[in-house]
Amino acid sequence: PMTPLSLWALSAVALFLLQFALAGVQGLGRTRSRVFVRPEDAAWFGVPAAQAEVPIVDRAQRAIVNNLENVPHFLALGLAYALLGCWPTGAWIYFPLFVLSRIGHNLCQLFPTQPLRNRLYLLGIALLLAISGHVVVQALSGTG
């Protein structure tokens, strides 16, 4: 059977692949539009440097930054959750839901959708709070 630690590791891989996919969206957006803000990139492709990114590149960047504000917390708290031996069934609930909330939030960043984007963000935060609660209780109980 898959352990909470294994589930956390798979979640970490999924979140890495999500960031990697967003970087790919940026790269495709730039090369397909041939719009590059950095002069060295523009020179490499033989076009003048642009003043602003195309919208999809900008949206992907915002998704990447938002992930960098949320995913590290999940990685740290999820690892503590797994290592402390918190409620095993919770890992099956919290970890996949967090990954799905980030995927959904990122899609809503790329293809503007409100209020769904905000709701998915809040779901991710609620999951982090739930994981935090388990970690605190387990750590204070002295059984972890």
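**Figure 1. Polar contact between Arg102 and Asn66 in the predicted model.** The side chains of Arg102 and Asn66 are joined by a polar contact of 2.5 Å. The structure shown here and in the following views is a predicted model. Arg102 belongs to helix 4, which covers residues 88–110. Although Arg102 is buried, it has no salt bridge; Glu69, the nearest side chain of opposite charge, is 7.4 Å away. Apart from residues up to four places away in sequence, Arg102 touches Leu15, Leu18, Asn66, Asn67, Asn70, Val71 and Tyr121.

**Figure 2. Salt bridge between Glu53 and Arg30.** A search of the whole structure finds two salt bridges, and one of them joins Glu53 to Arg30. The closest N and O atoms of this pair are 2.8 Å apart. Glu53 lies in the loop between helix 2 (39–44) and helix 3, whereas Arg30 lies in helix 1 (residues 4–33), so the pair ties together parts that are 23 residues apart in sequence. Glu53 is partly exposed, with a relative accessible area of 28%. Arg30 also counts as partly exposed, at 21% relative accessibility.

**Figure 3. Salt bridge between Arg62 and Asp58 within helix 3.** Arg62 forms a salt bridge with Asp58, and their closest N and O atoms are 2.6 Å apart. Both residues lie in helix 3, where four residues, about one turn of the helix, separate them. Arg62 is partly exposed, its relative accessible area being 40%. For Asp58, which is likewise partly exposed, the corresponding value is 33%.

**Figure 4. Surroundings of Leu77.** Leu77 is located in helix 3, which comprises residues 55–84. With 23% relative accessibility, Leu77 counts as partly exposed. Its contacts, leaving aside neighbours within four places in sequence, are with Leu128, Ile131, Ser132 and Val135. Leu77 and Ile131 are 54 residues apart along the chain, yet a distance of 6.7 Å separates their C-alpha atoms.

**Figure 5. The chain as the setting of the close-up views.** The chain contains five helices and zero strands, in the pattern α-α-α-α-α along the sequence. Its C-alpha trace spans about 60 × 30 × 25 Å along the principal axes. The radius of gyration is 19 Å, while a compact globule of 144 residues would have a value near 15 Å. Of the 144 residues, 35% count as buried. Among contacts between residues at least 6 apart in sequence, 70% join residues at least 24 apart. The chain exposes about 8,200 Å², of which carbon and sulfur atoms supply 71%.

Notes: Residues are numbered from 1 along each chain as its sequence is written. This is a predicted model: local features need pLDDT of at least 70, side-chain atom pairs count only at pLDDT 80 or more; totals for chains, interfaces and linings use all residues. Side-chain values use heavy atoms; hydrogens and water are left out. Helices (H or I, at least four residues) and strands (E, at least two) are DSSP runs, numbered from the N terminus. Buried means under 20% relative accessible area, exposed over 50%, partly exposed in between (1.4 Å probe, protein chains only). Contact means heavy atoms within 4.5 Å. Lys and Arg count as positive and Asp and Glu as negative; His and the chain ends are not counted. A salt bridge is a side-chain nitrogen of Lys or Arg within 4 Å of a carboxyl oxygen of Asp or Glu. A polar contact is a pair of N or O atoms within 3.5 Å; within protein, one must be able to donate a hydrogen and the other to accept it, and residues adjacent in sequence count only if both atoms are side-chain atoms. The radius of gyration is taken over C-alpha atoms; the globule rule is 2.2 Å times the number of residues to the power 0.38. Accessible areas come from the Shrake-Rupley method with a 1.4 Å probe; for residues, only the protein chains shown count as cover.
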